[in-house]
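Subject: Structure handover

Hello,

Here is the structure for you to look through. My notes follow below it.

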Amino acid sequence: MRVLLVDDSMAIQQSLTRLLASVPGLEVIGCAATSEDALSLIATARPDVVVLDVDLGPGGRGMDVLRQASQNHPAVKFMMLSNYGWQAMRTGFMDAGAEAYFDKGSQFMQARAWLADQATK
């Protein structure tokens, strides 16, 4: 399974890349830090899953990427990562098409387990 990481934090990108390296059948094919780079890489790299931060720094919104990319690439699955654990935010992203939503502060291992499960499907 091919995974694209989208987060404006280089530290998060590196941590996720290391964490996911041990998942059989999963390959991190790239990283993006901005909405524009994310949309470009989704179109060209053709990932199976995009791990997408909800807040991509100045002017960047994960919701915009999710909406545009899921409309243009309906086969791609989106897993959201956030510093915001609010149920309303989780519900909004799931209603917009995300397959999963995890809190960065406390659910990295659950996110890894979700991705491992997707790699076996």
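Tyr 84 sits in the loop that links strand S4 to helix H4 (87–95). Keep in mind that this is a predicted model. Tyr 84 is partly exposed, at a relative accessible area of 28%. Setting aside neighbours within four places in sequence, its contacts are Val 54, Asp 55, Met 89, Tyr 101 and Asp 103. Gln 68 is another matter. Tyr 84 and Gln 68 are 16 residues apart in sequence, and their C-alpha atoms are 22 Å apart in space.

Tyr 101, one of the contacts of Tyr 84, also takes part in an aromatic pair. The structure holds one such pair. Its members are Phe 93 and Tyr 101, with 6.0 Å from centre to centre and 45° between the planes. That geometry counts as tilted. Phe 93 and Tyr 101 are both buried.

Now the strands. S3 (49–53) is mostly covered, with five of its five residues buried. Which way do the side chains of S3 point? Val 49, Val 51 and Asp 53 point one way, and Val 50 and Leu 52 point the other way. In a regular strand, side chains alternate between the two faces of the sheet.

S3 has partners in S1 and S4. With S1, the pairing is parallel and runs over four bridges. Val 6 is opposite Leu 52 of S3 there. With S4, the strands also run parallel, joined by five bridges. Here Asp 53 is opposite Leu 81 of S4. S3, helix H3 (residues 62–72) and S4 together form a β-α-β unit, and it is right-handed.

S1 pairs with S2 (residues 27–32) as well, in the parallel sense and over five bridges. Leu 5 has Cys 31 of S2 as its bridge partner. A right-handed β-α-β unit is found here too, made of S1, H1 and S2.

H5 (residues 108–119) has twelve residues. From first C-alpha to last, H5 reaches 17 Å, close to the 16 Å expected at 1.5 Å a residue. Its buried residues are Phe 108, Ala 111, Trp 114, Leu 115, Gln 118 and Ala 119. An α-helix has 3.6 residues a turn, so residues three or four places apart point the same way.

Best wishes

How values were computed
Residues numbered from 1 in each chain as written. Predicted model: local features only at pLDDT ≥ 70, side-chain atom pairs only at ≥ 80, totals over all residues. Heavy atoms only, no water. Phe/Tyr/Trp six-rings, centres within 6.5 Å; stacked < 30°, edge-to-face > 60°. Buried < 20%, exposed > 50% of the residue type's maximum accessible area, 1.4 Å probe, protein only. Helix = DSSP H or I, 4+ residues; strand = E, 2+ residues; numbered from the N terminus. Expected span 1.5 Å × (residues − 1). Contact = heavy atoms within 4.5 Å. Pairing = 2+ DSSP bridges. Right-handed = clockwise from strand over helix to strand, strands pointing away.
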